[in-house]
Amino acid sequence: MTRRSQPEDFWARVTGNRSERNGCWPWQGAANSTGYGTVRYQGRTLAAHRLAAFLTGLIDDPAAPRDRRNTGFILHSCDNRLCCNPRHMRVGTYAENQLEAYGRGRRVAFKGSTHANAKQTPESVALIKDMYAHGVSQEAIACLLHVSQSGISKIILGTSYVGTV
């Protein structure tokens, strides 16, 4: 859309039967690395679905909110990142979007040693449980491994690193 930045130019790159209320209207232009359509419009690069939401009056600004605590995020009911059908969109928060993504299986919560902030390995979890079973206190284990006693307690109680050993 470098030649003109008119709504007609944008909608010309959206396919699907727009008279059908329930079907997806896929963006046929460029997509970013996360699979969302991108478009140049009035000198700015925007997400295609956000521009569709803006052009149909769903949102007042086509730019994504900078603060994740604010509302103004576009949530897709169809889970199709290229869809520009405003009937498949609603305005919500970043937190709502993430909860929907986890709830629908589009994202997977990493737990235990696979979590990015994990401090323990399956081997250290086994060692913690073994040491505790043999009478070593949680405080002593925490001191030895340079972690908090509450972290050790969660491992022993099975609320953290569930399924590990």
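In these legends, Ala, Val, Leu, Ile, Met, Phe, Trp, Tyr, Cys and Pro count as nonpolar, Asp, Glu, Lys and Arg as charged, and the others, with Gly among them, as polar. The model shown in every view is a predicted one.

**View 1. The second largest pocket and its lining.** By that division, the residues lining the second largest pocket comprise five nonpolar, eight polar and two charged. The pocket has a volume of about 280 Å³, and of the 15 residues that line it, those nearest its centre are Lys119, Gln120, Gly151, Ser160 and Tyr161.

**View 2. Glutamine 120 and its surroundings.** Glutamine 120, one of the residues nearest the centre of the second largest pocket, sits in the loop that runs between helix 3 (94-103) and helix 4 (122-133). With a relative accessible area of 8%, glutamine 120 is buried, because buried here means under 20%. Its side chain makes a polar contact with the side chain of serine 124, at 2.6 Å. When neighbours within four places in sequence are left aside, the residues in contact with glutamine 120 are Ser113, Val125, Ile128, Leu145, Val147, Ile155 and Tyr161.

View 3. Asn97, Gln98, Glu100 and Ala101 are buried in helix 3. Seen down the helix axis, the buried residues of helix 3 fall within an arc of 160°, and they therefore line one face of the helix. As background, an α-helix has 3.6 residues a turn, so residues three or four places apart point the same way. The buried residues of helix 3 pack against strand 3 (71-76) and strand 4 (89-93), whereas on the other side of the helix Leu99 and Gly103 are exposed. After helix 3 comes glycine 105, which has a positive phi, near 80°.

**View 4. The largest pocket and the elements that line it.** The largest pocket has a volume of about 730 Å³, and 26 residues line it, of which Tyr36, His49, Phe73, Ile74 and Asn97 are the closest to its centre. The residues of the lining divide into ten nonpolar, nine polar and seven charged.

Key:
Residues numbered from 1 in each chain as written. Predicted model: local features only at pLDDT ≥ 70, side-chain atom pairs only at ≥ 80, totals over all residues. Heavy atoms only, no water. Helix = DSSP H or I, 4+ residues; strand = E, 2+ residues; numbered from the N terminus. Buried < 20%, exposed > 50% of the residue type's maximum accessible area, 1.4 Å probe, protein only. Polar contact = N/O pair within 3.5 Å; in protein donor to acceptor, adjacent residues only side chain to side chain. Contact = heavy atoms within 4.5 Å. Arc of directions from axis to C-beta. 1 Å grid on protein atoms, 1.4 Å probe; cavity = no way out; pocket = protein on both sides within 12 Å on 5 of 7 lines; lining within 4 Å. Points joined across faces, edges and corners; volume = space filled by probe spheres on them.
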